[in-house]
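Here are my notes on the model, as numbered points. Please read them with the structure open.

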Amino acid sequence: MDSSKKRLLQRVIRRIPARMLRTTLEKWGRLTAPQRQSLDFTQPKLALTEKLVAIFEENGWTVKHITELEMTHVIDNPSLGIWNAYQLLEPEDDVHFVELTQFKEQFKAHLREVVKPVSVKIKKHSDEAIWIRIAWGDHFSEPNHFKPAYVVHHLQTPYVFITGLNLKKKKLLCQALVLATRYQAIKDANLHGRNLDALRDVLMRQYQQVVILFLIILTLFTGFLVGINSPALTDVRIDREQSQLAAARVHMASEAFGCGALPELQSAVYKLETKFKDNANKSMMECEEPFRCFVKFSSSNLLESFRHCASSGIASTPVTPLLSSILQKGRNHFVITDNGP
């Protein structure tokens, strides 16, 4: 094994947490039973790495096998990078008849026609998602397996998710995707994040969008009981009014964000490009350049945080379209001008 392959293997193993290494190697499925038994997972990571390097050299395994191991780990842990969502546009008549074999042949053929050399590996996951690993090269160098791009696409859907893409290769990749999927165009969906499942749920509407009636009734009933059990000096009408207001907040929060589990988006970005409006400051109003501001919301579960703020009264209701548009429009990056988002 030459030094480049050895460094690549060491890098891949280093990226896999020690607690996951055994499971990842089992899913990879290349090691024989005696080879698995020879590995002592209680050893330091460095010793395990050297042992695996020796096994690779003994078996004469190539870059292909190393990238398979990396791909196994990335598929199980997609939050290692930032994913960017794209939407395919203008489907052709036969778009629903595209099969995996046809997609793989056309995608690889187009990329290899315009980029030489390039390494492409395609694998279908258990959830029907197609995972694509691409290592780019050029006329002067071999494919760089240290900086691959990953693409995830569900056939029969117009959505594609990409991470690790070099901007110089973006046009070439988009052309290959459009041709292989039988669409005519592709655009940035303005939806980005580490949680791939959350991005897919937002775009494919795989979350509970309707307001559950019994939740509202339960809120009203709970408020009524609070009024009954309050001390005699408490005005029942005040309690009833507060219960109704609380129920109204829950209702409006549910209308904006639904009632079930929400996709775990972690951020939303708003870029403001609006004219300054203040009659007391004529000089600023006469400025032709828009006022620019960058606002970012972050949370481990941003949509759940927004819903809680609205239903608890921390934020005003009804929910502003600037927040509810995240789910309604399927995006978390907005540019706000005088004409709106």
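Which residues do ring pairs link into a cluster? Point 1 gives the reply, after two sentences on the source. This is a predicted model, in which local features need pLDDT of at least 70, side-chain atom pairs count only at pLDDT 80 or more, and totals for chains, interfaces and linings use all residues. Residues are numbered from 1 along each chain as its sequence is written, and side-chain values use heavy atoms, with hydrogens and water left out.

1. **Aromatic cluster.** The cluster consists of F257, Y270, F297, F306 and F334, linked by ring pairs. Rings of Phe, Tyr and Trp (its six-membered ring) pair if their centres lie within 6.5 Å; planes under 30 degrees apart count as stacked, over 60 as edge-to-face and the rest as tilted. The structure holds 10 aromatic pairs.

2. Helices (H or I, at least four residues) and strands (E, at least two) are DSSP runs, numbered from the N terminus. F103 is buried, with a relative accessible area of 0%. F107 is buried too, at 0%. Buried means under 20% relative accessible area, exposed over 50%, partly exposed in between (1.4 Å probe, protein chains only).

3. **A stacked pair across the sequence.** Y270 and F334 are stacked, because their ring centres lie 5.2 Å apart with planes at 10°. Y270 sits in strand β7 (residues 267-274) and F334 in strand β9 (residues 333-336), so the pair ties together parts that are 64 residues apart in sequence. Y270 is buried at 4% relative accessibility. F334 is buried at 3%.

4. **The sheet.** Six strands form an open sheet in the order β2-β3-β4-β5-β1-β6, with antiparallel pairing. Two strands pair if DSSP finds at least two bridges between them. The edges are β2 (118-124) and β6 (183-193); each has a single partner strand, so one side of each lacks a neighbour in the sheet. Neighbouring strands are turned by 20° against each other on average, direction ignored. Strands β3 (residues 129-136) and β4 (residues 149-154) run antiparallel and are joined by 6 bridges. There, I132 stands opposite V151 in β4.

5. **Helices on the sheet.** Helix α5 (residues 63-76) packs on the sheet and touches β2, β3 and β4; its direction makes about 135° with that of β3. Contact means heavy atoms within 4.5 Å. Helix α6 (residues 100-114) lies across β2, β3 and β4, at about 165° to β2. Axes are lines fitted to C-alpha atoms, for helices over the stretch in contact, and angles run from 0 to 180 degrees between N-to-C directions.

6. **Backbone points to check.** Most residues other than glycine have a negative phi, and most peptide bonds are trans. The K116 to P117 bond is cis, with omega near -5°. P117 lies in the loop between α6 and β2. The T317 to P318 bond is also cis, with omega near 0°. Q156, not a glycine, has a positive phi of about 75°. Q156 is partly exposed, at 39% relative accessibility. R182 has a phi near 70° and is partly exposed at 23%.

7. **Cysteines.** The structure holds 0 disulfides, a disulfide being a pair of cysteine sulfur atoms within 2.5 Å. C174 is buried at 11%, whereas C309 is partly exposed at 24%.
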